[in-house]
Amino acid sequence: MDSPVCCQACHTLYPVDPSETHFRLFGLPTRYDIDPAELHRRFLSISRQVHPDFFSGRQPEMQALALRLSARINEAYETLRDPVLRAEYLLEISGGKSSAECKSVPGCLLADIMMMREDVDRARSAGDHAAIAAVKADVEARRAAALDRIASLSRRLPEERCPALLDELRREINGMKFLDNFAAQL
Amino acid sequence: MPEPNETIVGIDLGTTHSLVAWCDEAGPHIVRDEQGEGRVPSVLCFSPDGRVTIGWEARAHAVENPLTTVFSIKRLMGRGFADVAQSELRYLPYRVVRLESDTPGRDVVAVEIHGRSLTPPEISALILRELKDRAGRALGREVRRAVITVPAYFDDAQRQATRDAGRIAGLEVVRIINEPTAAALAYGLGLRPGAPPSVIAVYDLGGGTFDISILRIEGGVFEVLSTHGDTHLGGDDIDREIVQLLQREVKERFALDIDSPRIRQALRNFAEDLKIRLSDREQAAICIDLGAGRLYERTMERAELERLADPWVDRTLASCRQALRDAGLEPRHINHVVLVGGSTRMPLVRRRVQEFFGTVPYTALNPDEVVALGAAIQAGTLAGQKRDMLLLDVVPLSLGIETLGGAMGKIILRNTRIPCRAREMFTTFVDGQTNIRIHVLQGERELARDCRSLGSFELRGIPPMPAGLPKIEVEFLIDHNGILHVSACELRSGRQAAIQVVPAHGLTPQEVERMELESYRFARQDMTAHRLIDLRNQVAFDIDKTWQMLGKAGQRLAPEQRSRIEAAMACLQALADSTSDPDELHRALSEFGRLTMPLAEAAVTQALQGDDA
């Protein structure tokens with residue numbers, strides 16, 4: 001497989017340039033749509049080449065390199081397999097703002113969440129399980145819709161890297177995080 | 001430097017029992033004693049003269065020596081005194097103290113025996129050394145490298161303590177692997193070429209710890225999806241319930257408090273036996289003679305034991321639910337369930353696990369041995385550099401740092417694949433500040449004080465700059481053993497910042513080194529003691545044999561020869577009773593052998609002539 005970390009013939013590892021993208025590590029094209037099974041297959045295949053267990057008898061430098069490479073591969077895999085993290089990563093390598101630089105969310109999402117939170121508090125103290133379930137269903141519907149919007153915006157990357165697109169995607173991802181946090185509290 | 005293909009052993013360092021195994025082309029083998037028993041009780045008995053007995057003998061004499069017999073030391077590994085005092089202290093008959101330390105902010109637990117403080121890694125090292133020696137005898141050469149298993153739910157401090165124990169025992173710990181993962185390896189599930197991927201749950205209820213791991217296995221890759229557990233929940237807790245029941249009933253019936261260290265130890269053994277008996281039978285008779293004609297008698301039904309054990313089993317199933325949630329799965333997604341640990345022999349545990357997962361658990365392998373077998377398989381892989389199998393594990397607990405206001409700021413979330421790393425930026429708050437102190441935590445709670453403290457470190461040598469200007473990048477790297485490494489770099493100057501992590505409940509590298517040296521001295525004393533015992537036995541045997549020969553062939557010797565031998569026997573016996581120098585006794589034995597040579601020859605002549613009747 002085409003990956004820049006290891007020579008398959010001699011099991012020698014190469015340090016990875018920090019600028020190497022997660023996509024290139026797995027030999028995948030830089031785009032949002034990924035076949036999860038293919039990604040997993042590639043992840044296992046590279047892990048078989050770089051995992052520190054296969055270098056336990058080698059020189060300490062080689063062991064240290066295997067450790068770092070494995071950590072890098074794991075980080076790349078965890079990022080690419082999750083649709084929201086993948087979109088956020090694609091956003092960042094396309095020159096978009098980080099979550100620290102831009103904290104805004106779409107429209108009146110925060111006000112909506114605050115209202116849903118009040119609904120849940122009221123329903124909890126009244127023991128109204130149906131009302132809680134209704135809020136849960138609402139949150140899930142909003143997350144599904146947000147994920148759809150994130151996916152369709154991300155599919156335009158990295159080619160169309162206009163600021164408006166990047167900022168809109170940033171806001172959608174920020175909003176998704178608020179929804180996730182709220183869902184975790186339910 | 002060890003040879004590349006030198007045998008690496010696999011060690012299951014358990015709360016109640018430990019085992020050692022090794023692997024060759026034929027597969028893994030447990031090292032067993034003459035009786036075929038592979039388990040070595042993790043029990044140590046210290047005598048006042050500095051000798052230590054480990055294993056079945058120590059366990060058998062635990063009742064006579066409650067204050068000098070140490071068991072369940074694994075429960076104290078990597079923990080602080082304050083932490084242990086709350087949960088364990090009441091139940092341990094031996095003396096647990098806080099190790100005197102010159103480092104402020106550190107709290108290391110120790111066991112005090114005969115006025116000497118021993119840390120849990122030092123005590124575990126004695127068990128490891130015993131296993132190392134056993135394996136060395138079985139293999140015919142010294143063992144220097146080992147894979148050691150730990151509960152999947154062990155935190156960084158507990159893992160480090162285990163690794164330190166290995167070092168103190170003179171072992172290079174090439175890998176620490178999680179017990180459930182080892183068990184999955186031993187079952188070899190999914191190793192058949194072309195086998196479809198399967199998802200398995202490993203339920204591991206040992207003497208003192210509980211783990212649940214969910215794994216996906218495909219083509220020789222063992223990928224842990226999630227893990228959960230409780231490092232302080234095990235068969236010991238069920239024994240404790242029985243002990244408390246007995247104590248309560250004895251008090252009610254005879255107004256008698258039975259809670260001295262010695263009685264507590266006896267009751268513990270009794271409770272464990274009772275629990276094991278009730279795994280095979282529906283009821284068991286209890287009869288305890290309390291002296292002065294007071295006889296405590298009753299029968300216990302299995303159902304009654306199960307009522308005592310049920311809340312503990314509930315807690316394990318709550319862990320199972322959490323592990324499934326973290327893996328994004330439902331019980332019905334689990335293809336196989338593997339049972340590990342002696343406590344899974346309880347019919348109640350089997351029944352409830354089967355109900356929960358809706359599948360009959362695998363029990364083909366001995367639940368006491370399966371972890372050691374898996375460790376040996378992994379050791380074989382590491383020694384032989386084979387590539388047909390791969391373990392991909394996760395970090396069991398979130399890692400973070402204490403932020404302003406005492407909150408826990410998570411940096412690496414639980415169930416993240418290891419090795420993994422995370423980087424955090426730090427800066428200064430005061431102009432010219434050259435040090436930053438960072439407190440590292442592990443756990444899931446919101447507040448720093450509710451999480452386990454792994455230690456703190458100081459970033460030093462920051463170039464003096466206005467506040468907020470220095471940019472220090474700290475890298476937290478968790479290796480494939482689940483052990484944390486911290487490094488830091490000041491980005492403006494490009495300088496590596498100096499870091500020394502002061503472990504909150506652990507030992508410094510210098511202490512481990514000193515303990516290793518001390519343990520060699522300890523071992524040598526031990527060896528001397530063993531040699532003396534062997535030589536004394538030899539003396540007794542030789543003197544006995546000489547008396548027999550004198551009886552049979554003494555008439556063939558000249559009278560002065562005979563009296564010289566008799567005098568030498570008295571002399572040798574006196575030396576054997578008084579000396580502590582094995583070399584001196586060895587010399588005396590050789591001299592005695594030379595002196596009795598004429599008698600031995602006379603005895604042979606006598607026997608050949610056949611008139612010894």
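A: In this predicted model, the count of cavities of 30 Å³ or more comes to six. Strand 11 of chain B has the largest share, with three residues. Sorted by class, the lining of the second largest cavity holds seven nonpolar, six polar and one charged residues.

Now the backbone. Most residues other than glycine have a negative phi, and most peptide bonds are trans. In chain B, the loop between strand 21 (407-412) and strand 22 (420-426) contains B:P419, and the peptide bond from B:I418 to B:P419 is cis, with omega near 0 degrees. B:N415 lies in the loop between strand 21 and strand 22 of chain B and has a positive phi, near 65 degrees, without being a glycine. B:N415 counts as buried because its relative accessible area, 13%, is under 20%.

Another non-glycine residue with a positive phi, about 50 degrees, is B:H114, found in the loop between strand 9 (109-113) and strand 10 (116-118) of chain B. With a relative accessibility of 45%, B:H114 is partly exposed.

In chain A, the peptide bond from A:L157 to A:P158 is cis, with omega near 0 degrees. A:P158 sits in the loop between helix 6 (129-154) and helix 7 (163-185) of chain A.

Terms used
Residues numbered from 1 in each chain as written. Chains lettered and ligands numbered in written order. Predicted model: local features only at pLDDT ≥ 70, side-chain atom pairs only at ≥ 80, totals over all residues. Heavy atoms only, no water. 1 Å grid on protein atoms, 1.4 Å probe; cavity = no way out; pocket = protein on both sides within 12 Å on 5 of 7 lines; lining within 4 Å. Points joined across faces, edges and corners; volume = space filled by probe spheres on them. Helix = DSSP H or I, 4+ residues; strand = E, 2+ residues; numbered from the N terminus. Nonpolar A, V, L, I, M, F, W, Y, C, P; charged D, E, K, R; others polar. Buried < 20%, exposed > 50% of the residue type's maximum accessible area, 1.4 Å probe, protein only.
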